[in-house]
Amino acid sequence: MTISSALSNAMTGLRAAGRNSETISANIANAMTPGYGVRSVDLSSSLIGGVKIDGITRLVSPALLVDRGLAEAAFNNASDRTKFLTNHEDFLGIPDDPNSLSARIAQFESSLVTATSRPDAPERLDATVNAARDLATLISSASRNIQEARSEADRNIDFQINQLSTALTSVQELNRQITKTMALGGDTSALQDNRQALVDEISGIVPVRQISRENGQIALYSTGGAILLDGGVAEIEFTAVNQVTPYMSLAGGQLSGLTINGYPAQTSSDRGALGGGSLGAQFEIRDELGVEAQTQLDALARDLVERFQDPAVDPTLAVGDPGIFTDTGIAFDPLNEVGISERLTINAAIDDRQGGESWRLRDGLNAVAPGDVGDSRQLQALSEALLTQRIPASGDFGTGAFSMINLASTLTSQLGADRAQAEQTQTFTSTQFNELTQLVLAEGVDTDQELQKLLLVEQTYAANARMIEAADEMMQTILRL
């Protein structure tokens, strides 16, 4: 080997060591950076001697990354569903909560019994009116809480659609940059990192499958079959509303669905083109879970109103007159059941806040003057109406007959079962997501291994530097001859 060739080999070794140390430093610095792929320098022997740098390899497992994305989408979906059900259950409360639905009904029932034992006591009649008002207030507030959750879901859909469209456009642009950089022989690792971070962001919103295309590009398809990105970006459109009300539904046309490239897309939980992630959960809350919760609450409110609207319970009422509980002051119309829970109020005739008097509970809502203060028959009839076993005229409570307290318990039990099932699903998806995340991290940067590589690079650098020093000494010796 000539001195010049030895010097040339040493110089290529130094360049390779420098590139290796730079890559290792980048790996260590980005050990916790989301979407970062471990880099390694590809080296080979040069035909003219020395070491040749062939490029940088980004070490990732595409299948594992896709599985983690799908798991994240499932976890986000389950978490959002659980949050809605838990919030609704907390608002209605559990039976031993003094402010729960069951407790308010029990308090109203107890106050009627207390008033029946002393129908001449105004304070007991007032307490019964207050208990009725508290019950109506809780039911109407629960209905408004459902609609606020549906409104928030509608706003979240709009936000996530914008976020999804922006991320897809960015992935498309990175596809172009990666192809251009590859054509110029440059390193695309950083661009691929940025693209993977965007794909991870998309996966949390919509579960996607990633398909490799030529020239380093990728295509994205939702697991529901929608083409999100394959050369061009899908145009996803949605129109938000300011406030969702009980009367508004997707089926009725008052709420917006999704269109993909101008074509309507299914948004139901079982057939949604973009379902399975956080976006699908928001549609489910707005169009399924929220509607179901409203329907059940309306059915309970209807049953409560009809128990006291019957002239057989209060002989002073005529057909079409409102009872103790009203639809914003008027009698309940079965054709206008939707939203009755939100419109639920107590009759102005007994409400002192509306100019009424509580003695009408004892003597009849349409009584023009107080009757016998010792007559408890009307109060007894009201108490019996609350305890009467009735088959609900609407809602999904089965075919059984219920007292008012039992109907409320059935509603909260159904809600509790749904919430428990949702929590179980959330726990499973959380475990799956965490496990896959750990696997991705395990295939990521191993700082101990990178530091060992750095020690070898230092030794290689020192050896090549010594070679250059030796070549210099020989040249100096020759020149002195």
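1. Where does Asn 215 lie? Asn 215 sits in the loop between strand 3 (208–212) and strand 4 (218–222). Strands here are DSSP runs of E with at least two residues, helices are runs of H or I with at least four residues, and both are numbered from the N terminus. Asn 215 has a positive phi of about 65° although it is not a glycine. Its relative accessible area is 46%, so Asn 215 counts as partly exposed; buried means under 20%, exposed over 50%, and partly exposed in between, with a 1.4 Å probe and protein chains only.

2. Before you go on, please keep in mind that this is a predicted model, in which local features need pLDDT of at least 70, side-chain atom pairs count only at pLDDT 80 or more, and totals for chains, interfaces and linings use all residues. Residues are numbered from 1 along each chain as its sequence is written, and side-chain values use heavy atoms, with hydrogens and water left out.

3. Asn 261 also deserves a look. Asn 261 is in the loop between strand 8 and strand 9 (263–265), and its phi is near 55°, a positive value in a residue other than glycine. With a relative accessible area of 44%, Asn 261 is partly exposed.

4. Now to the inside of the model. In soluble globular proteins, nonpolar side chains tend to be buried together. The largest nonpolar core has 55 residues, and those with the most contacts inside it include Leu 101, Ile 139 and Leu 304. Such a core is a set of buried Ala, Val, Leu, Ile, Met, Phe, Trp, Tyr and Cys residues joined through side-chain atoms within 4.5 Å. Among the elements that each supply at least two residues of this core are helix 2 (62–92), helix 3 (101–117), helix 4 (122–183) and strand 11 (344–346). Helix 4 gives the most, with 12 residues. Apart from this core lies another, of 30 residues, among them Val 206, Leu 220, Ala 226 and Leu 229.

5. Which residues does Leu 304 touch, not counting residues up to four places away in sequence? They are Leu 135, Ile 139, Phe 325, Leu 344, Leu 386 and Met 404. A contact means heavy atoms within 4.5 Å.

6. The structure holds 5 aromatic pairs. Rings of Phe, Tyr and Trp (its six-membered ring) pair if their centres lie within 6.5 Å; planes under 30 degrees apart count as stacked, over 60 as edge-to-face and the rest as tilted. Phe 108 and Phe 325 form an edge-to-face pair, 5.6 Å centre to centre with 85° between the planes. This pair links distant parts of the chain, with Phe 108 in helix 3 and Phe 325 in strand 10 (residues 325–327), 217 residues apart. Phe 108 is buried at 1% relative accessible area, and Phe 325 is buried at 0%. Phe 108, Phe 308 and Phe 325 form one aromatic cluster.

7. Finally, look at helix 6 and helix 10. They pack at an angle of about 175°, with their axes 10 Å apart. Axes are lines fitted to C-alpha atoms, for helices over the stretch in contact, and angles run from 0 to 180 degrees between N-to-C directions. Helix 6 and helix 10 are therefore roughly antiparallel to each other, as angles under 35 degrees count as roughly parallel, over 145 as roughly antiparallel, 65 to 115 as roughly perpendicular and the rest as oblique.
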